Amino acid sequence: MADEDLLSRIHGLEDLDLAALLCLISREHCIVSTEPDELDNLVQELRLVASQTFSLQSAVVDCTPHTTLDDLALAIQLPLPTPKPHLTPRSPGPRTPSVSPLRRRGTESSYFHGYSTSTTEKQYPTTTTTPPQIVNVILAKNLDRAPKDVQIQCLELLRTRRMLTRTSVQTAPKQFLFVAVLETGGAARLVSHLNDMFYVSHWHDPEDGFAHLEEEQDDDGVVFGGRKEGETASLDSASSVVRRSFAESTTTPRPSRSRSTNNFKGGDQATVDDGSSLAPSSISSAFPSISESDIASLALLARQVNLDVEVLRYLMNIISFLRMHRAVAPGGGGITPQATKHFEQLSKCLAALHGLDYVTPSLVGLAVKKVYPHRIRIVTPERERSMQWGSDLAAVEALLEGVNAEYVIEEVLGLVEAPL
């Protein structure tokens, strides 16, 4: 079990911080989406999460239909330091003087100046170049708009943690997180294999606010969405996207003015089966910092979490019911083996974050709401199963109207009986 200090810091995190923490623990990646008008603010908030909570360097890739592979490779690199020339002694080999009527072989004098044929050391300026490195956190804004070849290159980066360019091989650091920042419904436009590689998806409601960004703007005298010294501040200018941002130092935690519901902890009053409360801790309202050693400790605890056979059966029943739901597209509808792996892995990570060494059914129910929403594909009325037996198309259309992935998940959780 994690120590009390670490658990108290985890309970003080915001939803976006928790999503990033879960991905860093599992060495996976995530999708974060919000309303189109708030996308720039979300990008800025994620930059501050990376720098203030995890002390990681971040880069923003603003994807468009015209983004190229070279644009992607340049945007995710750390800025190369200016090479400093230094003097390195080099020893040129002995030179054999040419035969000349003005200079005999073996003499030590030169026609223009004195020259010695003995080996001498001279100082030559040289420069050292370091291979390009990838930043710790990549924020791919509107990744769904990028061309297919760019998305496939991102898929290769997620799978191998490296990127091959025309001139070099860029390797991702140990602490590496790729976040696709999308508008509502953007995940449906991703390449299917890339979409399946994302560990979790999180919807950020603008009404929950942007705690880090609000505090940052308060320090600058800007009221978020309000006025600055009597004048109206522009949200567009406050949230303009910078292609790269790098944390110079760890920022001292500051009190938060607003707290959003930490639904990664199961909501306001979520409880595990032993009756212990999982409500967010009210010990401190500051922004805690999570170090690399904390992440390593949590990853170790997650690997040691036990999964009882009854809870495992419950997890597998949920997967089966999702796959066979009449609103899910044929062929699995996004219920893939990779998703099953992520489902079990996230359940164990959530247990570690709650200070447990075992998985509870309530944590399984929380995990399924994070693993499957971006994966589930809703069937079209023409391909709904009952159409094979003569169902009326208009009736099927009425049945599927308004049905989405969240509806399917909630219905399945209501159908599958949880173990006591």
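**View 1. Helix α5 and the residue after it.** Arg161, which follows α5, has a positive phi, near 60 degrees. Helices (H or I, at least four residues) and strands (E, at least two) are DSSP runs, numbered from the N terminus. The model is predicted: local features need pLDDT of at least 70, side-chain atom pairs count only at pLDDT 80 or more, and totals for chains, interfaces and linings use all residues. Residues are numbered from 1 along each chain as its sequence is written, and side-chain values use heavy atoms, with hydrogens and water left out. Helix α5 (residues 148-160) has 13 residues and reaches 18 Å from its first C-alpha to its last, close to the 18 Å expected at 1.5 Å a residue; the expected span is 1.5 Å times one less than the number of residues. Among its buried residues are Val150, Cys154 and Leu158 (buried: under 20% relative accessible area; exposed: over 50%; partly exposed: in between; 1.4 Å probe, protein chains only). The buried residues of α5 pack against α4 (69-75), β5, β6 (162-164), β8 and α6 (192-197) (contact: heavy atoms within 4.5 Å).

**View 2. Strand β5 and its two partners.** In β5 (residues 137-141), 5 of the 5 residues are buried, so the strand is largely enclosed by the rest of the structure. Val137, Leu139 and Lys141 point one way, and Ile138 and Ala140 the other. In a regular strand the side chains alternate between the two faces of the sheet. β5 pairs in the parallel sense with β2 (residues 58-62) over 5 bridges, and with β8 (residues 177-183), also parallel, over 5 bridges (pairing: at least two bridges found by DSSP). Asp62 has Lys141 as its bridge partner, while Leu139 stands opposite Val179 in β8.

**View 3. Helix α10 and its buried side.** The 16 residues of α10 (residues 309-324) should span 22 Å at 1.5 Å a residue, and the end C-alpha atoms are 22 Å apart, which agrees. Buried in α10 are Val311, Tyr314, Leu315, Ile318, Ile319 and Leu322. They cover an arc of only 135 degrees around the axis, which puts them on the same side of α10 (arc: that of the directions from the helix axis to the C-beta atoms). The cover over these residues includes α11 (337-353), α12 (361-371) and α14 (405-415). Exposed Val309 and Met324 are on the face turned away from the buried side.

**View 4. Phe54 in the largest nonpolar core.** This core has 77 residues, and Phe54, Ile318 and Leu322 are among those with the most contacts inside it (nonpolar core: buried Ala, Val, Leu, Ile, Met, Phe, Trp, Tyr and Cys residues joined through side-chain atoms within 4.5 Å). Leaving aside neighbours within four places in sequence, the contacts of Phe54 include Leu21, Leu24 and Ile290.
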